[in-house]
Structure formats: C-alpha cells, structure tokens
Amino acid sequence: MSRFHTIFVPDWHGAADAGHWQRLWAAEGQDGQWFTPPDESTPHRDVWLAALEAQVLAAKDPVLLVAHGLGCVAVSHLSMRVALHVRGALLVAPCDPERRAQISSFAPVPHDPLPYRSVMVASSNDPHCPVRLAGAYARAWGSEFVRMQNAGHIDHASGHGPWPLGRALFQSLTDGDVPAAAQPPDSSFTAERLAQP
C-alpha cells in the first residue's frame, strides 16, 4: 500500500498500549505514522486538530486514517480543506464527548457527511458510547456500519490484539468493496454488517 500514507489516531486515555491492535498494525507497516495526542491527559479539540491537520497535510501520498475512540471524533472535526487529502478511514469504537467532562471540548460532534469512504465499527456493549449513538454517527458521516456483539471498547483490554477482522475492513478501504464482516475463526466476537445503520 505504498501509494497511501496511513495515520493512526488513538483514543485519548493511554493512547493505545503496546498490545493494542493500532500499535501492532503501526509497528508492521512501512507507510504508517502515529499521531501522538499533544495533551493526552486533558485533551482539547483545537490542540488536537491543529496537530492532526498538520500531520495530514504533510503527507506526500493520499491519507488513510485508522482512528479509535476519541480519535474518531477528532477525525470528524477535520476541516474540509484537510479532509480532501484523506482517501478513507476506519473508525472504531467512537466515544461520546458529551458524557465525559474531560473531553467535552470535542462536543458537539459534527453530523456532516465525510468526503471520503469510511467504515465505522462499534460494539453493542461499549462503555464509552451507546451503539445507537455510534450508529447515528455512522449515518450522519455516511460510513458503512459494522456492529459487533459484546466486544467492549474494541481494544486490548477487551481481547482485541492483532484483530484480523479490523485488518480486513481496513484493507477494504483500498481494495474496493467492504467485505461482509464474517466471524474470524480465532475471535470470540461476532460482527454484523449493516449498510444502513
């Protein structure tokens, strides 16, 4: 995938530990770059956006975004000028900034369609965002919606290390069609693909 530049945008708290699927994928790729939140303990939207937008604009190739948690919401705030440099995005387990004071500067969450292809993955029991709200984000952003059953926050703590299903969905952003979210043989979680959440 040398024709694309991948930027991994982590959640705000902990910024993905070593066993997190984002970290594992980032370590394997030659064309990836990690977005380091400038103010992880008390994130502020304007600070995050300034840093993230600069990173997107600095890429020499079209950008693919791989976002988790608050990273998904940050991606939705990108200005149109910057978003036009993005080829696609995998948005996993978005959070609800209206439910936590520490990330309230990211509210309200934009409900404008994203100008690129995106796949949203959310869990039925994510403690940081009700799945119905994640589905509403997906509808507003024009994202294909993949609903996972009882997958928690879809992170290392919930048993998602290399996460082959996520990798397949990410690959689909450059391969054409988004595959049906079939149950991977080595996972205990089920996923359901919903074209219209």
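**Cysteines, cores and loops in a predicted model**

A search of the whole structure finds zero disulfides, a disulfide being a pair of cysteine sulfur atoms within 2.5 Å. Cys-72 takes part in none, and the nearest cysteine sulfur, that of Cys-95, is 7.6 Å away. For Cys-95, the closest cysteine sulfur is in Cys-129 at 7.2 Å, too far for a bond. Cys-72 counts as buried because its relative accessibility is 0%, and Cys-95 counts as buried at 5%. Here, buried means under 20% relative accessible area, exposed over 50% and partly exposed in between, with a 1.4 Å probe and protein chains only.

The model is a predicted one, in which local features need pLDDT of at least 70 and side-chain atom pairs count only at pLDDT 80 or more, while totals for chains, interfaces and linings use all residues. Residues are numbered from 1 along each chain as its sequence is written, and side-chain values use heavy atoms, with hydrogens and water left out.

The protein chain has six helices and seven strands; helices (H or I, at least four residues) and strands (E, at least two) are DSSP runs, numbered from the N terminus. From the N terminus on, their order is β-α-β-α-β-α-α-β-β-α-β-α-β. Of the 197 residues in the protein chain, 52% are buried. Contact means heavy atoms within 4.5 Å, and among the contacts with a separation of 6 or more, 74% come from residues 24 or more positions apart. The protein chain exposes about 8,600 Å², of which carbon and sulfur atoms supply 52%; accessible areas come from the Shrake-Rupley method with a 1.4 Å probe, and for residues only the protein chains shown count as cover.

The interior comes next. In soluble globular proteins, nonpolar side chains tend to be buried together. A nonpolar core is a set of buried Ala, Val, Leu, Ile, Met, Phe, Trp, Tyr and Cys residues joined through side-chain atoms within 4.5 Å. The largest such core has 39 residues, and Leu-65 and Leu-91 have the most contacts inside it. Two or more residues of this core come from each of β1 (5-9), α2 (45-58), β3 (63-68), α3 (70-76), α4 (80-83), β4 (86-92), β5 (117-123) and α5 (131-141). The most is given by α5, with six residues. Beyond its neighbours within four places in sequence, Leu-91 is in contact with Ala-67, Cys-72, Val-75, Leu-114, Ser-118, Val-119, Met-120, Val-121, Trp-141 and Ser-143. Another core, of 21 residues, lies apart from the largest one and includes Trp-25, Val-66, Ala-93 and Val-119.

Arg-117 lies in β5 and counts as partly exposed because its relative accessibility is 29%. A polar atom of the Arg-117 side chain lies 3.0 Å from the backbone oxygen of Ser-172. Not counting residues up to four places away in sequence, Ser-123 touches Val-131, Met-148, Asn-150, Ala-151, Gly-152 and Ile-154.

Asn-150 brings the backbone into view. Most residues other than glycine have a negative phi, and most peptide bonds are trans. Asn-150, although not a glycine, has a positive phi of about 50°, and Asn-150 lies in the loop between β6 (144-149) and α6. Trp-163, found in the loop between β6 and α6, likewise has a positive phi of about 50°. Trp-163 is buried, with a relative accessible area of 5%. Finally, the peptide bond from Ala-107 to Pro-108 is cis, with omega near -5°, and Pro-108 lies in the loop between β4 and β5.

Methods: Polar contact = N/O pair within 3.5 Å; in protein donor to acceptor, adjacent residues only side chain to side chain.
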